[in-house]
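I opened my notebook today to look up a few things in one protein model. Here are my entries, in the order I made them.

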Amino acid sequence: MLDGPEAGMVGYDAKADVKANSKLDVAVAGSVSGFVTRALISPLDVIKIRFQLQIERLCRSDPNAKYHGIIQACKQILQEEGLAAFWKGHVPAQILSVGYGAVQIYNNLREAVVTMYRTEGPTVFYKGLAPTVIAIFPYAGLQFSFYRSLKLAYDWVIPPDGKQTGNLKNLLCGCGSGVISKTLTYPLDLFKKRLQVGGFEQARSTFGQVRSYRGLLDCTKQVLQDEGTKGFFKGLSPSLLKAALSTGFMFFWYEFFCNLFRCIRREDR
């Protein structure tokens, strides 16, 4: 399931940038903008996962709920774990790219992999695979279906006059189709996260109640019984906010670096 800046690039026409920038410039701008975007939206990803794993209701009325809103969760995490907590689990490759300081992090990552393999065997790395595979096909199908439908609706509301490039329409319809598709398939992402943290119940005890699941069906059944249908959509709000911001950030930083490279080339000339 697409869940990053790449998902928001549906229909984007980079031909104008290619004319003004070399292929290398465009490739570097795309890579760097992806790097910066993922770093900026990481806090939303952390909050989304915390919401997904919380058994208690996400509301103020539940006295046992550790988190009940995005702003409250930000304050809570910052107070208890510090600013660095918002980048826990950030892409190791991005951390490694900063140089020597990443060596210790790499060693910790390697130790974690070895420990997981020794204690639970090779299947531990495939926890949550079932909902991931199941989600791929409906998500892709829904995304393209809604994308076409939204484009038709856009043309009905704002008839094309032959002067528009279509980039704005493609961007809006692409974002809209992604939001709708993500909402409809979101429960599968929640099940994936719940299954992936299996075996770490003791480590999560400070965050509230914990559950053990025997598989996808058991996870679905327990969430429905203990948390109701709303439990299937815990973390949806930061997830959609993340999707919207990642699209905007991706385009902003892409254009920024393309313009920066053009200015550098002009100076060199």
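**Entry: salt bridges**

I began by counting salt bridges, and I got eleven. My rule was a side-chain nitrogen of Lys or Arg within 4 Å of a carboxyl oxygen of Asp or Glu. The general idea is that side chains of opposite charge can pair when their charged atoms come close.

A note on what I am looking at: this is a predicted model, where local features need pLDDT of at least 70 and side-chain atom pairs count only at pLDDT 80 or more, while totals for chains, interfaces and linings use all residues. Residues are numbered from 1 along each chain as its sequence is written, and side-chain values use heavy atoms, with hydrogens and water left out.

I looked up Asp45 next, and found a salt bridge to Lys242, with the closest N and O atoms 3.0 Å apart. This pair links distant parts of the chain, since Asp45 sits in helix α2 and Lys242 in helix α9, 197 residues apart. My helices are DSSP runs of H or I with at least four residues, strands are runs of E with at least two, and both are numbered from the N terminus.

Is Lys242 buried or exposed? I read 6% relative accessibility for Lys242, so it counts as buried. Asp45, at 24%, is partly exposed. For these words I used relative accessible area: buried is under 20%, exposed is over 50%, and partly exposed lies in between (1.4 Å probe, protein chains only).

My next pair was Asp189 and Lys48, whose closest N and O atoms are 3.3 Å apart in a salt bridge. Asp189 lies in helix α7 (residues 167-196) and Lys48 in helix α2, so this bridge ties together parts 141 residues apart in sequence. Both Asp189 and Lys48 are buried.

I then saw that these pairs belong together: Asp45, Lys48, Asp189, Lys192, Lys193 and Lys242 are linked in a network of salt bridges.

I also noted Asp226 and Arg211, which meet in a salt bridge at 3.0 Å, N to O. Asp226 is in helix α8 (residues 216-227) and Arg211 is in the loop between α7 and α8, 15 residues apart. Asp226 is partly exposed at 40% relative accessibility, and Arg211 is partly exposed at 24%.

**Entry: helix α8**

I stayed with α8 and checked its length. The twelve residues of α8 should span 16 Å at 1.5 Å a residue, and the end C-alpha atoms are 16 Å apart, which agrees. The expected span is 1.5 Å times one less than the number of residues.

Which residues of α8 are buried? I listed Leu216, Asp218, Cys219, Gln222, Val223 and Glu227. They cover an arc of only 160° around the axis, which puts them on the same side of α8. The arc is that of the directions from the helix axis to the C-beta atoms. On the other side of α8, I found Leu217, Lys221 and Gln225 exposed. After α8 comes Gly228, with a positive phi near 75°.

**Entry: helix α3**

I repeated the check on α3 (residues 70-81). Its twelve residues should span 16 Å at 1.5 Å a residue, and its end C-alpha atoms are 16 Å apart, which agrees.

In α3, I found Gln72, Ala73 and Ile77 buried. They cover an arc of only 125° around the axis, which puts them on the same side of α3. These buried residues pack against α2 (23-53). Ile71, Lys75 and Gln79 are exposed on the other side of α3. Gly82 follows α3, and its phi is positive, near 90°.

**Entry: Arg50**

I went back to helix α2 for Arg50. Arg50 counts as buried, at 15% relative accessibility. What does Arg50 touch, leaving aside neighbours within four places in sequence? I wrote down Tyr67, Ile77, Glu81, Lys88 and Phe207 as its contacts, where contact means heavy atoms within 4.5 Å.

**Entry: the whole chain**

Last, I stepped back. I counted nine helices and zero strands in the chain. Of its 269 residues, 36% count as buried. Among contacts with a separation of 6 or more, 74% come from residues 24 or more positions apart.
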